[in-house]
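Open your viewer and bring up the cartoon along with the side chains.

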Amino acid sequence: QVQLVESGGGLVQPGGSLRLSCAASGFTSNDYAIGWFRQAPGKEREAVSCISSSSVGINWYVGSVRGRFSVSRDNSKNTVYLQMNSLKPEATGIYYCARVISGRACEQSNWSSPVQYGSWGQGTQVTVSS
């Protein structure tokens with residue numbers, strides 16, 4: 001009964017900001033590593049970020065978003081967030097959150113690989129356009 005539901009997507013102008021939410025149910029999300037992925041039309045799914053369990057407290061970002069995106073969590077709401085600032089048109093796509101299958105840490109060696117994740121959400125559309 002593990003479930004992840006993304007929300008918060010929409011249309012935003014270049015340079016704008018959005019905060020995506022990943023609401024978890026069926027498990028306590030702060031005990032698990034949660035990844036964010038995006039998929040642009042006609043392209044492969046790309047890892048964006050990963051937030052480790054609260055006990056680990058180490059996050060990762062793809063180089064193209066580092067310094068502009070940040071991941072966080074609200075344990076009282078069992079929700080993980082992706083704050084996206086200074087958005088570029090290249091950020092357009094469907095954004096997904098997913099739970100790491102094993103372990104509580106986003107591992108440097110493999111956090112960006114989709115096969116490390118299960119319990120994917122349905123995705124939320126982000127469009128960056130003027």
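**Charges over rings**

Start by selecting R99 and F27: the charged end of R99 sits over the ring of F27, 4.7 Å from its centre. Here, a charge over a ring means NZ of Lys or CZ of Arg within 6 Å of the ring centre and within 35 degrees of the ring normal. Next, pick R19 and Y81, where R19 lies over the face of Y81 at 4.2 Å from the ring centre.

A word on what you are viewing: this is a predicted model, with local features needing pLDDT of at least 70 and side-chain atom pairs counting only at pLDDT 80 or more, while totals for chains, interfaces and linings use all residues. Residues are numbered from 1 along each chain as its sequence is written, and side-chain values use heavy atoms, leaving out hydrogens and water.

Now select F37, Y96, Y117 and W120, which ring pairs link into a cluster. Rings of Phe, Tyr and Trp (its six-membered ring) pair if their centres lie within 6.5 Å. How many aromatic pairs does the structure hold? There are five.

Switch to the cartoon and colour by secondary structure: the protein has 11 strands and zero helices. Both are DSSP runs, with helices (H or I) of at least four residues and strands (E) of at least two.

Finally, show the surface and colour the buried residues. Of the 130 residues, 45% count as buried, meaning under 20% relative accessible area with a 1.4 Å probe, protein chains only. Along its principal axes, the C-alpha trace spans about 40 × 30 × 25 Å.

Notes:
Phe/Tyr/Trp six-rings, centres within 6.5 Å; stacked < 30°, edge-to-face > 60°. Buried < 20%, exposed > 50% of the residue type's maximum accessible area, 1.4 Å probe, protein only.
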